[in-house]
Amino acid sequence: WISGKYKREREDWKRLCKKCHYHYDRDASYFLRESNKIENVWDDQSFAQAIQAWKYLNNQKTLTVRNLLKTHDILMKYHLFPPERGAFRTVPVLIG
């Protein structure tokens, strides 16, 4: 088990061959943790929401606007108030 927190401890790393590293990197939890880091989101609660949103979206047969908005609602549970979660914005949104 690797924590994914880039600790400098021998117990918290895994040696992988090139092929295994490729498959490890494609794992959803690894991808979601890295995606959160890009967004500067580091807490475990947000990671748990990302996992839940990923599972929800993966269980949908088709990709629809409704499914995307529900996914946004799950992701933003602790970051936005209900009127702004899972809905199209009616105000400008700044990124960066």
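Residues are numbered from 1 along each chain as its sequence is written, and side-chain values use heavy atoms, with hydrogens and water left out. Because the model is predicted, local features need a pLDDT of at least 70 and side-chain atom pairs count only at pLDDT 80 or more, while totals for chains, interfaces and linings use all residues.

The protein chain has four helices and zero strands, where helices (H or I, at least four residues) and strands (E, at least two) are DSSP runs numbered from the N terminus. Along the sequence the pattern reads α-α-α-α. Confidence is given as pLDDT, the predictor's confidence in each residue on a scale from 0 to 100. The chain averages a pLDDT of 83, and 81% of the residues score at least 70. Helix H1 (residues 18-25) has the lowest confidence, with a mean of 66, and helix H4 (residues 65-75) has the highest, at 96.

Of the 96 residues in the protein chain, 16% are buried. Buried here means under 20% relative accessible area, exposed means over 50%, and partly exposed lies in between (1.4 Å probe, protein chains only). Among contacts with a separation of 6 or more, 23% are between residues 24 or more positions apart; a contact means heavy atoms within 4.5 Å.

Start with helix H2, which spans residues 28-38. Its buried residues are Leu 32, Arg 33, Asn 36 and Lys 37. Seen down the axis of H2, these residues fall within an arc of 140°, so they line one face of the helix. The arc is that of the directions from the helix axis to the C-beta atoms. Helix H3 (44-58) is included in what covers the buried residues of H2.

How do H2 and H3 pack, in terms of angle and distance between axes? The angle is about 130° and the axes are 10 Å apart. Axes are lines fitted to C-alpha atoms, for helices over the stretch in contact, and angles run from 0 to 180 degrees between N-to-C directions. That angle makes H2 oblique to H3: under 35 degrees counts as roughly parallel, over 145 as roughly antiparallel, 65 to 115 as roughly perpendicular, and the rest as oblique. The crossing of H2 and H3 is right-handed. A crossing is right-handed if the near helix is turned clockwise from the far one by less than a right angle, and left-handed if anticlockwise. On the H2 side the residues involved are Ala 28, Ser 29, Phe 31, Leu 32, Arg 33 and Asn 36. They meet Asp 44, Ser 46, Phe 47, Ala 50, Ile 51 and Trp 54 in H3.

The loop between H2 and H3 contains Asn 40. Most residues other than glycine have a negative phi. Phi of Asn 40, however, is positive, near 60°. With a relative accessible area of 59%, Asn 40 is exposed.

The next pair is H3 and H4. Their axes come within 8 Å and cross at roughly 160°, which makes H3 roughly antiparallel to H4. H3 passes H4 in a right-handed crossing. From H3, Gln 49, Ala 50, Gln 52, Ala 53, Tyr 56 and Leu 57 take part; from H4, they meet Asn 67, Lys 70, Thr 71, Ile 74 and Leu 75.

Asn 67, Thr 71 and Ile 74 are buried in H4. They cover an arc of only 60° around the axis, which puts them on the same side of H4. H3 is part of what covers these buried residues.

Gln 49 is a residue of helix H3. Its relative accessibility is 7%, so Gln 49 counts as buried. Leaving aside neighbours within four places in sequence, Gln 49 is in contact with Ile 74, Leu 75, Lys 77 and Tyr 78.

The segment after H4 includes His 79. His 79 is partly exposed, with a relative accessible area of 44%. His 79 and Ser 46 are 33 residues apart in sequence, and their C-alpha atoms are 8.8 Å apart in space. Arg 89 also lies in the segment after H4 and is partly exposed, at a relative accessible area of 37%. Beyond its neighbours within four places in sequence, Arg 89 is in contact with His 72, Leu 80 and Glu 84.
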